[in-house]
Amino acid sequence: MSSSESVIAIGAHRFRNSVTKSASRNSRRTGDYVLSFICVCAVALIFIIVNHPVLHWFLIPLMACGVLSGIDVIRWTRGRLDLFDPKAVIGFLAFYGCFVTPILHVAWDRFGVNNDFPLWGDWRTWLGAMATLNTISLLAYRMAHNYAFNWTARSTAKWEIDRKRFHLFFSLATVCSIAGVYAFFSMLNGIPGMVKSFEENLQAYTGKGWLLVFAWPLSVLCFMILIFWWTDRQQLGRRPASIGIFLVCAFGISQFVLMGWYGSRSATIWAVFWMAGIIHYRVDRLSRKIVAVGLVFLIAFMYFYGFYKEQGRTGFGVIEAPATWLQPKGYQRDIKLLLLDDLARADVNAYIFYNLVKFPNDYDYRWGLTYLGAPTFLVPRSLWPNRPNYKVDAGTEATLGKSSSYDSTRVYGLTGEALLNFGPWGVVPIFVLYGASLGWYRRKLTSWDISDARLFLAPLVTIMFVAAFISDSDNVLFLFVVDGSLITAAFLASTRRLRLSQRPPASSGIRPLVHSRLNESK
């Protein structure tokens with residue numbers, strides 16, 4: 001149970017046997033590990049039966065990764081982690097990316113886009129070496145998270161929205177966003193011009209990135225204003241989740257119609273996630289079935305939108321031929337590309353690891369330069385024509401060599417970017433910092449009740465943690481600046497911080513946000 005609930009319960013039942021409660025929690029945690037191990041063994045056995053080359057020593061560290069990350073998947077499935085808990089989302093991504101994906105690479109014998117990674121040897125060896133490093137990193141991540149979670153003080157303040165300031169600053173932000181959309185469309189001749197520019201002349205987007213800061217968040221801004229009016233404490237009556245789901249779908253479609261032609265799937269996906277999280281926190285709890293259905297639709301959207309990214313409007317022709325959906329002719333993309341490259345980084349990280357070990361003189365570590373250089377994209381090319389792209393340079397050198405005349409546009413994730421900067425020895429410390437940051441945030445989240453204004457931004461924080469795990473520092477910064485900076489500024493200007501001298505009593509009607517689910521820390 002959450003800390004606030006624990007205090008209330010012990011106060012009301014002072015002589016309750018706390019040893020029994022602790023033993024019960026330890027028993028549940030042990031059961032989670034056992035169940036995770038059983039599930040991982042079952043998945044590995046199925047792959048071995050279906051594809052014999054999977055039977056190799058590399059399965060041992062892969063299974064260790066699966067057990068460590070699968071614990072949070074089990075807890076989410078059993079309802080002991082909240083639906084939008086970042087720890088649960090990261091658990092799913094780690095389970096898939098660090099356990100399932102490497103096995104799929106071997107089973108399908110595919111590494112890189114159209115096998116463009118020339119690793120001269122047995123890939124299983126290097127996937128296993130990378131999995132060993134991932135095992136140590138995930139263990140360090142969990143330990144750092146638990147330490148920070150247990151030792152971080154609960155929030156002693158509550159954030160409240162000031163209605164007058166909310167109306168002023170969110171109205172101002174909305175006007176700026178509408179102006180940004182209008183200016184962006186005017187420069188590109190509307191949606192048809194956006195599509196044509198994406199298909200024929202990407203340079204048309206150059207110099208217009210600053211407009212996205214205003215244009216991109218319009219749907220989420222309007223959605224937040226509507227939900228605030230709906231959930232304001234002076235508004236009475238039941239708030240069914242079905243209406244909230246309808247609103248998420250409606251505003252999600254509007255987000256795609258306005259910004260979806262830019263060539264970014266995340267423009268729609270993160271907006272929908274953010275809005276669904278607000279419904280979950282502020283309106284009514286979403287069920288796991290609803291989230292599962294939504295996840296299927298999001299993955300389908302990612303897959304089919306990929307054809308637009310590759311060939312523009314003609315890519316949507318794939319939809320008209322269901323028989324070719326999984327392996328469409330004339331396209332680089334197929335279902336394997338989505339599952340192996342869009343949703344995971346297993347092969348590229350193993351390949352970098354291989355190159356760093358086998359050819360140490362063909363790469364110079366960046367020693368944090370890709371992190372420090374991430375904000376350089378904020379400087380327009382007009383002011384800095386020769387602006388360097390530190391991550392692209394590092395990734396190109398690590399995957400293609402110093403003499404390459406081509407640029408690598410791959411995304412490397414938390415592990416991969418650590419390899420680019422510090423080599424294998426830098427991965428574990430990065431995971432320690434990441435886990436500690438997550439533990440600190442989750443402890444603070446346990447002290448927010450349903451009326452706390454910070455719940456409007458909680459889904460954005462989850463998005464940032466997830467993006468940091470699967471993307472690179474420049475992608476994370478771009479995501480915040482474009483998706484969240486305008487909304488965050490309006491939000492901070494509209495809230496006031498109230499110091500709480502004591503926690504609200506049980507009879508006050510204010511319930512904790514996430515109950516015991518966020519306390520599943522170990």
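A nonpolar core is taken here as a set of buried Ala, Val, Leu, Ile, Met, Phe, Trp, Tyr and Cys residues joined through side-chain atoms within 4.5 Å. Buried denotes a relative accessible area under 20%, exposed one over 50%, and partly exposed anything in between, with a 1.4 Å probe and protein chains only. The model is predicted, so that local features need pLDDT of at least 70 and side-chain atom pairs count only at pLDDT 80 or more, while totals for chains, interfaces and linings use all residues. Residues are numbered from 1 along each chain as its sequence is written, and side-chain values use heavy atoms, with hydrogens and water left out.

The largest nonpolar core holds 108 residues, of which Phe-223 and Trp-274 touch the most other members. Helix 4 (residues 86-108) gives the most to this core, with 12 residues; helices (H or I, at least four residues) and strands (E, at least two) are DSSP runs numbered from the N terminus. Neighbours within four places in sequence aside, Phe-223 is in contact (heavy atoms within 4.5 Å) with Leu-247, Val-248, Phe-251, Met-275, Ile-278 and Ile-279. A second, separate core comprises 22 residues, including Leu-188, Leu-212, Leu-218 and Val-482.

In the chain as a whole, the secondary structure amounts to 20 helices and two strands. Of its 522 residues, 53% count as buried. Among contacts between residues at least 6 apart in sequence, 80% join residues at least 24 apart.

Helix 17 (residues 413-422) is largely enclosed by the rest of the structure, because nine of its 10 residues are buried. The buried residues are Gly-413, Leu-414, Thr-415, Gly-416, Glu-417, Ala-418, Leu-419, Leu-420 and Asn-421. Just after this helix, Gly-423 adopts a positive phi of about 80 degrees. Helix 14 (residues 346-358) packs against helix 17 at an angle of about 20 degrees, with the axes 9 Å apart. Axes are lines fitted to C-alpha atoms, for helices over the stretch in contact, and angles run from 0 to 180 degrees between N-to-C directions. The two helices are therefore roughly parallel to each other, a term applied to angles under 35 degrees. Asn-349, Ile-352, Phe-353 and Leu-356 of helix 14 make the contact with Thr-415, Gly-416, Leu-419 and Leu-420 of helix 17.

A search of the whole structure finds 19 salt bridges, each defined by a side-chain nitrogen of Lys or Arg within 4 Å of a carboxyl oxygen of Asp or Glu. In one of these, Asp-32 pairs with Arg-78, the closest N and O atoms being 2.9 Å apart. Asp-32 lies in helix 2 (residues 18-50) and Arg-78 in the loop between helix 3 (59-77) and helix 4, 46 residues apart. Asp-32 is buried, with a relative accessible area of 0%, whereas Arg-78 is partly exposed at 47%. A network of salt bridges links Asp-32, Arg-75, Arg-78 and Arg-80.

Asp-334 forms a salt bridge with Arg-110, with the closest N and O atoms 3.0 Å apart. The pair is separated by 224 residues, Asp-334 being in the loop between helix 12 (288-311) and helix 13 (335-342) and Arg-110 in the loop between helix 4 and helix 5 (123-151). Asp-334 and Arg-110 are both buried. A further salt bridge joins the side chains of Arg-410 and Asp-341 (3.4 Å, N to O). Arg-410 lies in the loop between helix 16 (390-400) and helix 17 and Asp-341 in helix 13, so the pair ties together parts 69 residues apart in sequence. Arg-410 and Asp-341 are both buried.

Methods: Parallel < 35°, antiparallel > 145°, perpendicular 65-115°, else oblique.
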